[in-house]
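Please keep the sequence and the structure in view while reading.

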Amino acid sequence: MDAINQDAPSSADLWDEFPVIANADDYIDSLKGRPMTIYCMGEKVEDVVGHPLIWPSINAMAETYRVASENPALATAQSSIAGKPINRFLHIAEGPQDLVGKQEMQRELGRRTGTCFQRCVGLDAINSLHSVTYDMDQKHKTDYHARFTAFLKQAQEHNVILGGAMTDPKGDRSKAPHEQKDADVFLHVTKRDDKGIYVSGAKMHQTGCINSHWIIFMPTMRMGEKDKDFSVVGAVPAHAEGMTYIYGRQSCDTRALDGGKIDAGNAEFSGQEATIIFDNVFVPYEHIFMDGEVEFAADLVERFTAYHRASYVCKTGLGDVLTGAAAAAADYNGVAKVSHIKDKLVEMTHLNETIYASSMASAHQATQLPSGVWQNDVMLANICKHNVTRFPYEIARLAQDIAGGLMVTMPSEKDLENEETGDLVRKFIQGREGVDPVDRMRILRLIENMTLGRNAVGYLTESMHGAGSPQAQRILIARLAEMEEKKARAKKLAGVEE
Ligand SMILES: Cc1cc2nc3c(=O)[nH]c(=O)nc-3n(C[C@H](O)[C@H](O)[C@H](O)COP(=O)(O)OP(=O)(O)OC[C@H]3O[C@@H](n4cnc5c(N)ncnc54)[C@H](O)[C@@H]3O)c2cc1C
């Protein structure tokens, strides 16, 4: 045990720093002036809200508050913990209807933003921690569940954003955490005192972390007996001392710096990923929800992914936008009534609704765990995410087919504004009569944005890797496939006697 740091803040000290957030404007204000170390494109960021490259991601996160104000039936829920309606992104599922409601909200937010609105990792983290902390207490006589629910109650009262940080850098993927040459490639405990623990390492690809108020860090995979220091879960303020953020580049992100509204494709909204580096970050005991219980790391990852893989229903909202954009592009081109175009739009819809069906089925088939929380059906959630690793790519391919090559060869917005070239651009970008050529440009840029540009990060690569690469789902699907039972059924009907 190390010497006690008398200045180490308690849970109450930390919560005192947070306002109670009523709406999107409060949320945006809450991000101003925080003492955070953030780098973006090699420069230190002093004002995140005013940063043109970062702002669209904040605006997307703010939409989670706007939808709660505008449509409380969709985006709020009655919480037994807070004893009042709260933002659905902070709610523990009290029945299958809560998971259904959550997923309807996620699709709607995908439709409203056309990008990753960044808030579901935290939601899925708290739901999985509800049961895992309970189960750890049953086995080890710890008090994690009470600590966790006390923390969550404060989060619900303050209506804050909880970011969920699971993915470690992982170094050599063939080695366990304790076998890595550099221990920092997995987040781990570096020292302890009477007030709490200190953690070092990093979490990568962290969606919306800079736009969050708290970061809940969790182990990223199954842990062994020698990985005790790496089997740690805790919550720290996003502005805690010792944390550094390095903003992730996104394809075509600097179009946000060009000015104008057309070339960005979706000038209002974007996702956000960053690397978080932890350098001896303090976590008070009240905010530690696992500390060395190695056998529960795999349970946590599996339960988290049961929620999170169904959360990828959000991509159906983006699919709605992209299908609509393709239909508009066809209309502007004068080919809306052509049979193969109509058929391609049907195919896009079929693929999109197949994702939706698997996600919603996993919510309706939810089961209750001993802590009381309800969890999505694991097989169907994995089927949903596996569909998501494929179908958006096919939907994107069909959208590009319908859009035509102009989507990637079109002159810029500045050429449109230029006295010499503006009329020429308008003249040759015209489609069918009655359509403003600039509207055609806008729709094509949106398709570019979602399939090649900034929001392709959220629509395509996040669909591939977020919540685990395709193989991670195939492992679960293989485990749950009950192949022996299926073989027995086939043999029985075929009259095979063994
Ligand atoms: C846009 C985006 C947003 C994300 N947001 C978050 C977030 O908010 N929070 C969070 O915690 N994480 C987030 N992630 C991380 C995501 O969960 C990981 O990308 C995913 O788990 C894959 O890990 P990786 O990227 O390190 O790939 P790798 O682990 O390097 O995988 C690459 C390939 O190698 C294979 N592979 C890796 N290890 C092994 C092995 N031991 N044996 C066999 N095959 C192996 C994989 O199956 C895959 O095919 C995000 C990712 C993206 C792309």
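## Salt bridges

A search of the whole structure, which is a predicted model, finds 32 salt bridges. Side chains of opposite charge can pair when their charged atoms come close. Several individual pairs illustrate this count of 32.

Another salt bridge joins the side chains of Asp172 and Lys175, with an N to O distance of 3.9 Å. Both partners can be described by their accessibility: Asp172 is partly exposed at 35%, and Lys175 is partly exposed at 38%.

Which side chain meets Asp263 in a salt bridge? The partner is Arg445, and the N to O distance is 3.5 Å. Arg445 belongs to helix α16 (residues 437-451), whereas Asp263 lies in the loop between β10 (243-247) and β11, so the pair ties together parts that are 182 residues apart in sequence. Arg445 and Asp263 are both buried.

Salt bridges also link residues into a network, which consists of Arg107, Glu108, Arg111, Asp320 and Glu353.

## A patch of negative charge

On the surface, Asp13, Asp16, Glu17 and Glu286 gather in a patch of negative charge. Glu286 is located in the loop between β11 (273-284) and β12 (288-291). With a relative accessibility of 35%, Glu286 counts as partly exposed.

Strand β11 also holds a residue that may be examined in turn, Ile276. Is Ile276 buried or exposed? Its relative accessible area is 0%, and Ile276 is therefore buried. Ile276 and Asp439 are 163 residues apart along the chain, and their C-alpha atoms are separated by 40 Å.

## The two faces of helix α15

Helix α15 comprises residues 422-429, and Gly422, Val425 and Ile429 are buried in this helix. Why do the buried residues line one face of α15? Seen down the helix axis, they fall within an arc of 65 degrees, so they line one face.

The face of α15 turned away from the buried side carries Asp423 and Phe428, which are exposed.

## Positive phi angles outside glycine

Lys141 is not a glycine, yet it has a positive phi of about 55 degrees. Lys141 lies in the loop between α6 (120-140) and α7 (144-158). The relative accessible area of Lys141 is 69%, so the residue is exposed.

Ala467, also not a glycine, has a positive phi of about 60 degrees. Where is Ala467 found? The residue is in the loop between α17 (456-465) and α18 (470-480). At 16% relative accessibility, Ala467 counts as buried, because buried means under 20%.

Definitions and conventions:
Residues numbered from 1 in each chain as written. Predicted model: local features only at pLDDT ≥ 70, side-chain atom pairs only at ≥ 80, totals over all residues. Heavy atoms only, no water. Patch = residues over 30% accessible without salt bridge, like charges linked within 9 Å, V, L, I, M, F, W, Y side chains within 5 Å. Areas by Shrake-Rupley, 256 points an atom, 1.4 Å probe, with all protein chains shown as cover. Salt bridge = Lys/Arg side-chain N within 4 Å of Asp/Glu carboxyl O. Lys, Arg positive; Asp, Glu negative; His and termini not counted. Charge placed at Lys NZ, Arg CZ, Asp CG, Glu CD. Helix = DSSP H or I, 4+ residues; strand = E, 2+ residues; numbered from the N terminus. Buried < 20%, exposed > 50% of the residue type's maximum accessible area, 1.4 Å probe, protein only. Arc of directions from axis to C-beta.
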